[in-house]
Amino acid sequence: MTLFFTSFTPDGSGLDLYSQLIAKLRITDGIANTLFSTLNYECVLELAASQQGLSVNYNELPNPTNSITVWKLHGSCNFIPNPQEISMRRGASYAWGVTINAGLIPVSPSEAAKCVMGDNTLYPAMCMFTLNKPSQISPGVFAEYQRKWAELAINAEKVVLIGVKPHTPDKHLWEPLATTKAKLYFVGGESEFNSLSPNRENRKTYYLGSTFAETLEEIPGILA
């Protein structure tokens, strides 16, 4: 799976939607106060930012100058266990249920691919795509990540959701989003939006459109 996700990259034209959004946010001065949060395992967003001369920060807030802050709440194909804390050479084995507790280091996608193809049994930390999103690698890191994200979501001024399907059992996401007083803007299917709205009670919740492409011009103004 690491090799699959590390294979994705923007083509460098700047025409992909991530690149366009970042460029528009830079014009409206919307980068500094925006936290990019993603459930995706690939690094297309980060690579799009790098191609525009921005560094990528996975932890620090507020946003360092000339960078974007990206929190990957379910892990990433480039989050490798810190080799200074733990290493397992190829040939070692461990069953599901064993927890590998170690700090995580973000590396380039090419470095992550090289890591899993080398003399190494460990793999980058990506939560399982199932109920409660468990992770065998560094589950404590994700628990803390999600706790901090929930605090930020609750205290945000505006939240834009793009292509995220509401799923009530994922409480680490949807409970903060249901209770935040932030203005919440939704991009996706109308049926998904309608399932989200009742949980927001009388809080301001807006439907922008069904796709990222058709709402791209509107989003930078919201986040400006």
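Histidine 74 touches Leu39, Tyr41, Met126, Cys127, Lys133, Phe142, Gln146, His172 and Leu173, leaving aside residues up to four places away in sequence. Contact here means heavy atoms within 4.5 Å. This is a predicted model, in which local features need pLDDT of at least 70, side-chain atom pairs count only at pLDDT 80 or more, and totals for chains, interfaces and linings use all residues. Residues are numbered from 1 along each chain as its sequence is written, and side-chain values use heavy atoms, with hydrogens and water left out.

Where does histidine 74 sit? Its place is the loop between β3 (67-72) and β4 (79-81). Helices (H or I, at least four residues) and strands (E, at least two) are DSSP runs, numbered from the N terminus. Histidine 74 has a relative accessible area of 3%, so it is buried. Buried means under 20% relative accessible area, exposed over 50%, and partly exposed in between, with a 1.4 Å probe and protein chains only. The side chain of histidine 74 also makes a polar contact with the side chain of histidine 172, at 2.9 Å. A polar contact is a pair of N or O atoms within 3.5 Å; within protein, one must be able to donate a hydrogen and the other to accept it, and residues adjacent in sequence count only if both atoms are side-chain atoms.

Aspartate 170 forms a salt bridge with lysine 133, with the closest N and O atoms 3.0 Å apart. Aspartate 170 lies in the loop between β6 and α6, and lysine 133 in the loop between α4 (109-117) and α5, so the pair ties together parts that are 37 residues apart in sequence. A salt bridge is a side-chain nitrogen of Lys or Arg within 4 Å of a carboxyl oxygen of Asp or Glu. Are the two partners buried or exposed? Aspartate 170 counts as buried because its relative accessibility is 6%. Lysine 133 is buried too, with a relative accessible area of 11%. Lysine 133 also lies over the face of phenylalanine 129, at 5.7 Å from the ring centre. A charge sits over a ring if NZ of Lys or CZ of Arg is within 6 Å of the ring centre and within 35 degrees of the ring normal.

How many salt bridges does the whole structure hold? A search finds six. One of them joins the side chains of glutamate 46 and lysine 72, at 2.9 Å, N to O. Glutamate 46 lies in helix α3 (residues 44-51) and lysine 72 in strand β3, so this pair ties together parts that are 26 residues apart in sequence. Both glutamate 46 and lysine 72 are buried.

The side chains of arginine 147 and glutamate 144 meet at 2.6 Å, N to O. They are three residues apart in α5, so about one helical turn separates them. An α-helix has 3.6 residues a turn, so residues three or four places apart point the same way. Arginine 147 is partly exposed, with a relative accessible area of 39%. Glutamate 144, at 33%, counts as partly exposed as well. Salt bridges that share partners join Glu144, Arg147 and Glu151 into one network.

Alanine 156 is partly exposed, because its relative accessibility is 24%. Alanine 156 touches Thr180 and Ala182, not counting residues up to four places away in sequence.

The structure holds nine aromatic pairs. Rings of Phe, Tyr and Trp (its six-membered ring) pair if their centres lie within 6.5 Å; planes under 30 degrees apart count as stacked, over 60 as edge-to-face and the rest as tilted. Phenylalanine 4 and phenylalanine 5 have ring centres 5.2 Å apart and planes at 70°, so the pair is edge-to-face. Phenylalanine 4 and phenylalanine 8 have centres 5.2 Å apart and planes at 85°, so that pair is edge-to-face. Phenylalanine 4 is partly exposed at 46% relative accessibility, phenylalanine 5 is buried at 15%, and phenylalanine 8 is partly exposed at 36%. Ring pairs link Phe4, Phe5, Phe8 and Tyr41 into a cluster. Tyr41 is also among the residues that histidine 74 touches.
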